[in-house]
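This briefing covers a single chain and how its parts pack. The sequence and structure come first, followed by notes grouped by topic.

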Amino acid sequence: MKNRSIFSLFGGVLILLILIGCAASLPPLPPPEARMKIAVVGMREGKIDQKVAEMLTTALSKSGYFTLIEREKVKQVIEEQGFQLSGIVAPETIIRLGNLLDAQAIVKAEVVNTKVTPVNWGIMRTLHYSATVTANIMDAKTGKTIAAISESGTSTAGGVPAEIEYGGQKKQD
């Protein structure tokens with residue numbers, strides 16, 4: 001359980017780093033009535049993908065650029081319609097989900113290529129985490145991809161301070 005929470009935190013850090021990295025190139029904030037209405041979907045039932053989707057929803061909401069559909073409403077519609085999360089890739093499914101949620105776009109978030117490696121440093125033992133976080137933004141009217149991003153990172157936790165590498169730069173915790 002402790003590994004999952006550390007790994008979830010790692011995913012959240014990655015997403016925040018992605019957003020911070022893009023912040024310099026963003027246009028001015030639109031007025032509330034002009035913000036794109038989006039829904040964020042974790043692509044697997046697992047806790048990590050769902051936690052990343054929650055953190056992405058929160059980060060996007062705080063950005064002020066979007067109107068976010070509540071995660072509970074998204075979950076309820078997916079369950080009621082019998083959608084399988086892994087099946088929310090076909091354009092017709094994206095369009096149907098978008099219509100049901102009254103969304104302009106669907107953001108699909110997923111953690112892939114996860115790996116945890118124990119590293120022994122004499123008497124200290126650390127864990128080395130690596131993962132790739134992907135996000136695809138799909139137009140809810142056409143089902144076509146608007147944008148896609150995939151970012152990888154690593155983190156070390158244990159007997160030494162945590163270190164995160166993102167975009168070739170290391171940050172010490």
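A crossing of two helices is left-handed if the near helix is turned anticlockwise from the far one by less than a right angle, and right-handed if clockwise. By that rule, H3 passes H4 in a right-handed crossing. The model is predicted, so local features need pLDDT of at least 70 and side-chain atom pairs count only at pLDDT 80 or more, while totals for chains, interfaces and linings use all residues. Residues are numbered from 1 along each chain as its sequence is written, and side-chain values use heavy atoms, with hydrogens and water left out.

**Chain and confidence**

- The chain has four helices and seven strands; helices (H or I, at least four residues) and strands (E, at least two) are DSSP runs, numbered from the N terminus.
- In sequence order the pattern is α-β-α-β-α-α-β-β-β-β-β.
- The average pLDDT of the chain is 76, and 73% of the residues score at least 70; pLDDT is the predictor's confidence in each residue, from 0 to 100.
- Residues 1-10 have a pLDDT below 50, and this stretch has 21 contacts in the model beyond near neighbours in sequence; contact means heavy atoms within 4.5 Å.
- Of the 173 residues, 38% count as buried, where buried means under 20% relative accessible area, exposed over 50%, and partly exposed in between (1.4 Å probe, protein chains only).
- Among contacts in the chain with a separation of 6 or more, 62% come from residues 24 or more positions apart.

**Packing of H3 and H4**

- Two packed helices are described by the angle between their axes and the distance between the axes.
- Helix H3 (residues 71-81) packs on helix H4 (residues 91-101) at an angle of about 125°, with the axes 10 Å apart.
- That angle makes H3 oblique to H4: angles under 35 degrees count as roughly parallel, over 145 as roughly antiparallel, 65 to 115 as roughly perpendicular and the rest as oblique.
- Axes are lines fitted to C-alpha atoms, for helices over the stretch in contact, and angles run from 0 to 180 degrees between N-to-C directions.
- From H3, Lys73, Val74, Val77, Ile78 and Gln81 meet Arg96, Leu97, Leu100 and Leu101 of H4.
- By class, this contact of H3 with H4 has six nonpolar, one polar and two charged residues.

**From H4 into S3**

- Aspartate 102 sits in the loop between H4 and S3 and counts as partly exposed because its relative accessibility is 49%.
- The phi of aspartate 102 is near 55°, a positive value in a residue other than glycine.
- Most residues other than glycine have a negative phi.
- Isoleucine 106 is in strand S3 and counts as buried, at 0% relative accessibility.
- Beyond four places in sequence, the contacts of isoleucine 106 include Ile94, Leu97, Leu101 and Met138.
- Valine 119 also lies in strand S3 (residues 105-121), and is partly exposed at 27% relative accessibility.
- Outside four places in sequence, valine 119 contacts Met124, Arg125, Thr126 and His128.

**Methionine 138**

- Methionine 138 lies in strand S4 (residues 124-139) and is buried at 6% relative accessibility.
- Among the residues touched by methionine 138, not counting those up to four places away, are Ile94, Ile106 and Ile146.

Technical notes: Ala, Val, Leu, Ile, Met, Phe, Trp, Tyr, Cys and Pro count as nonpolar, Asp, Glu, Lys and Arg as charged, and the others, Gly among them, as polar.
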